[in-house]
Amino acid sequence: MTLAEDNGPERGGDDLLAAEYVLGVLAKDERQIASRRVDTESTFARLVDVWEVHFSPLATAYAAVEPPASVKVAIDRRLFASTPASSAEPRTGLWSSLGFWRSVAATALAALAIYIAVPYVSPPVEQERLVASLAADGSDVKYLVVYDAATHDVGLSHVSGERAAGKDFELWMIEGKNAPVSMGVIPAGATTHLTASPVVQQKLAQGAVLAVSLEPTGGSPTGQPTGPVVAAGDLKGI
């Protein structure tokens, strides 16, 4: 199996589902199901809590963003569609009771929430934040990737799977049938960062395929993948 061929269905259990729920990349129906599970299943709710904490270091590289007033107005309209727009009494009581929004407003996770909410209000010309869930059949290696086109930062969160002794994971970008382009050896750690080179920045912003291969320590000696593909997935806009 080549890197270009490894673009099949992604696999993952509740742990990966919880991570994707926190990132906000699930389809509407899947997110509604996951949200109900948070309310009814304590085990799944704990997974969500763990991933919220786990992802918080990814946001440290990004400056806090003060949301425009229009964001709250638009969210109010989406949440309380039955309330007449001309009502003289705003729905401040219910809004102020949403402790989650109050408690995280000054945190890095709030910045991520705003990035998720803003496209519904005013879709950007170009996606600035992209995410990918990397996995492969027959492999227990899973990564979640967040790419910031503005800073060219590639944040990787290690979900599962260990590299063998004397081996390293290497990240690749795949564009169509072109030869894979190395983005570098992935440092060991639960949360790590790579910087996208100018060669791949534009391709990543357009939503390229990412893949992880198992290579000798220090990375591929040939400039092309020499080991098996252990995880792959598409970058998608948040």
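In what order do the five strands of the open sheet run? Here it is 6-3-2-1-9, with antiparallel pairing.

**View 1. The whole chain, a predicted model.** Numbering starts from 1 along each chain as its sequence is written. Since we're looking at a prediction, local features need pLDDT of at least 70 and side-chain atom pairs count only at pLDDT 80 or more, while totals for chains, interfaces and linings use all residues; side-chain values use heavy atoms, leaving out hydrogens and water. The protein chain has eight helices and nine strands (DSSP runs numbered from the N terminus: helices are H or I, at least four residues; strands are E, at least two). Of its 238 residues, 39% are buried (under 20% relative accessible area, 1.4 Å probe, protein chains only).

View 2. Pairing here takes at least two DSSP bridges between two strands.

**View 3. Strands 2 and 3 side by side.** Seven bridges join strand 2 (residues 142–148) to strand 3 (residues 153–160), in the antiparallel sense. Look for Val 145, which sits opposite Leu 156 of strand 3.

**View 4. Two helices on the sheet.** Helix 1 (residues 14–23) packs on the sheet and touches strand 1 (129–134), strand 2 and strand 3 (contact means heavy atoms within 4.5 Å). Its direction makes about 10° with that of strand 2 (axes are lines fitted to C-alpha atoms, for helices over the stretch in contact; angles run from 0 to 180 degrees between N-to-C directions). Helix 3 (residues 42–55) also packs on the sheet, touching strand 2, strand 3 and strand 6, and its direction makes about 145° with that of strand 3.

Technical notes:
Buried means under 20% relative accessible area, exposed over 50%, partly exposed in between (1.4 Å probe, protein chains only).
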